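Let's take a walk through a protein chain together. Keep the picture open beside you and look for each spot as we reach it.

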Amino acid sequence: MRNTVLSYLLLPLFAALPFTLQAAPVTVAEPAAVAASQTGQVQPLAQVALIDLNDADALTLQQNLNGIGKAKAEAIVAYREANGPFGSVDELLEIKGIGKALLERNKDKLVVK
């Protein structure tokens, strides 16, 4: 009888546990875009450093760009050495293996000076 009573009490508890875990909100900390100073004014946080296609070496390109590995980074540097400095960021489309999607992912990180 004692087992029956315990099973009636514990069964709903264990049955509701998966629903409770699924319903728990997931909190993800997002980086703040602005920081408030003591005066109450909102100031932007440090700007993301832009990568100059005409000055960056292969390792810098590889580490800072999404979807750019060692081979593509070296291909960018080789293209620059063979054809001279880049005239625009869109010139990356001339390099084999770099398409529009890859360029769009990294366009905000790149600059040509």
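**A tour of the chain**

Start at E74, which sits in helix α3 (residues 70-83). Helices here are DSSP runs of H or I with at least four residues, strands are E runs of at least two, and both are numbered from the N terminus. Before going on, note that this is a predicted model, where local features need pLDDT of at least 70 and side-chain atom pairs count only at pLDDT 80 or more, while totals for chains, interfaces and linings use all residues. Residues are numbered from 1 along each chain as its sequence is written, and side-chain values use heavy atoms, with hydrogens and water left out.

Back to E74: it is partly exposed, with a relative accessible area of 42%. On this scale, buried means under 20% relative accessible area, exposed means over 50%, and partly exposed is in between, using a 1.4 Å probe and protein chains only. E74 and Q62 are 12 residues apart in sequence, and their C-alpha atoms are 8.7 Å apart in space. In the loop between α2 and α3 you'll find G69, which is partly exposed at 31% relative accessibility. From the C-alpha of G69 to that of L59, 10 residues away along the chain, is 9.0 Å.

Now zoom out. The chain has 4 helices and 4 strands, and they come in the order α-β-β-β-α-α-α-β along the sequence. Of the 113 residues, 20% are buried.

L53 is one of the buried ones, at 0% relative accessible area. Look for L53 in the loop between β3 and α2 (58-64). Its C-alpha is 9.2 Å from that of L92, although the two are 39 residues apart in sequence.

Next comes D52, in strand β3 (residues 51-52). A salt bridge needs a side-chain nitrogen of Lys or Arg within 4 Å of a carboxyl oxygen of Asp or Glu. The side chain of D52 does have a polar atom 3.2 Å from the backbone nitrogen of N54. Likewise, the backbone nitrogen of K113 lies 3.2 Å from a polar atom of the D52 side chain.

So where is there a salt bridge? The structure holds 1, and it joins D90 to K107, with the closest N and O atoms 3.0 Å apart. Because D90 lies in the loop between α3 and α4 and K107 in the loop between α4 and β4 (110-111), the pair ties together parts that are 17 residues apart in sequence. D90 is partly exposed, at 38% relative accessibility, and K107 is partly exposed too, at 32%.

A cavity is a set of points on a 1 Å grid, over the protein atoms alone, where a 1.4 Å probe fits but cannot get out; lining residues have an atom within 4 Å of a point. There is 1 cavity of 30 Å³ or more, and the largest cavity has a volume of about 50 Å³, meaning the space filled by probe spheres set on the points, which are joined across faces, edges and corners. Its lining includes L65, I76, L92 and N106. Helix α4 (residues 100-106) gives the most to that lining, with 3 residues.

Technical notes:
On a 1 Å grid over the protein atoms alone, a cavity is a set of points where a 1.4 Å probe fits but cannot get out, and a pocket is an open set with protein on both sides within 12 Å along at least five of seven lines; lining residues have an atom within 4 Å of a point. A polar contact is a pair of N or O atoms within 3.5 Å; within protein, one must be able to donate a hydrogen and the other to accept it, and residues adjacent in sequence count only if both atoms are side-chain atoms.
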